[in-house]
Amino acid sequence: WAEQDMQAARAWALAKPAGEQRDRLLQRIAIAESAANPADAARLISEQMSPGPTQNEAAISVIYQWAQTDATAAMAWAESFPAGDLRDRAIKEVKNVSAYAAAAAAGNPPTN
């Protein structure tokens, strides 16, 4: 639904009472939104979700998506996080995506 009508899905989720269920809905919406507009997805996560594991996982998902299209902007958002595990993880995610993209562009994508 969010991919079809982002504004309606966002409004519906934001009308729900604050809590884990609402945060999980917002997480899914942010992930869907990050494909087309990662900056808006980042704002949704930062401004509307409660701090905690769901918000953290949403942020990492958006960072990953964002780094694929604009690593500089993704890194700027990652570096704006408070010092700690989430910030470190987000910065590492951007670096990993960037390294993979550079290797792929050079014709040497890493294999797992």
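This is a predicted model: local features need pLDDT of at least 70, side-chain atom pairs count only at pLDDT 80 or more; totals for chains, interfaces and linings use all residues.
I'll start with the pair α4 and α5. Helix α4 covers residues 53–69 and helix α5 covers residues 71–79. Their axes come within 6 Å and cross at roughly 150°. Angles over 145 degrees count as roughly antiparallel, so that is how α4 runs relative to α5.

Which residues meet there? From α4 there are Ala59, Val62, Ile63, Trp66, Ala67 and Thr69. On the α5 side they meet Ala71, Ala73, Ala74, Trp77 and Ala78. By type, this contact has 10 nonpolar residues, one polar and no charged.

Now the core. The largest nonpolar core holds 29 residues, and Ile45, Val62 and Trp77 have the most contacts inside it. Two or more residues each come from α1 (6–14), α2 (20–34), α3 (38–48), α4, α5 and α6 (85–105). The largest share is that of α4, with seven residues.

Val62 deserves a slide of its own. Leaving aside residues up to four places away in sequence, Val62 touches Ala30, Ser34, Pro38, Ala41, Ala42, Ile45 and Trp77.

Last, α1. Its buried residues are Met6, Ala9, Arg10 and Ala13. As background, an α-helix has 3.6 residues a turn, so residues three or four places apart point the same way. The buried residues of α1 pack against α2 and α3.

Key:
Residues are numbered from 1 along each chain as its sequence is written. Side-chain values use heavy atoms; hydrogens and water are left out. Axes are lines fitted to C-alpha atoms, for helices over the stretch in contact, and angles run from 0 to 180 degrees between N-to-C directions. Helices (H or I, at least four residues) and strands (E, at least two) are DSSP runs, numbered from the N terminus. Angles under 35 degrees count as roughly parallel, over 145 as roughly antiparallel, 65 to 115 as roughly perpendicular and the rest as oblique. Contact means heavy atoms within 4.5 Å. Ala, Val, Leu, Ile, Met, Phe, Trp, Tyr, Cys and Pro count as nonpolar, Asp, Glu, Lys and Arg as charged, and the others, Gly among them, as polar. A nonpolar core is a set of buried Ala, Val, Leu, Ile, Met, Phe, Trp, Tyr and Cys residues joined through side-chain atoms within 4.5 Å. Buried means under 20% relative accessible area, exposed over 50%, partly exposed in between (1.4 Å probe, protein chains only).
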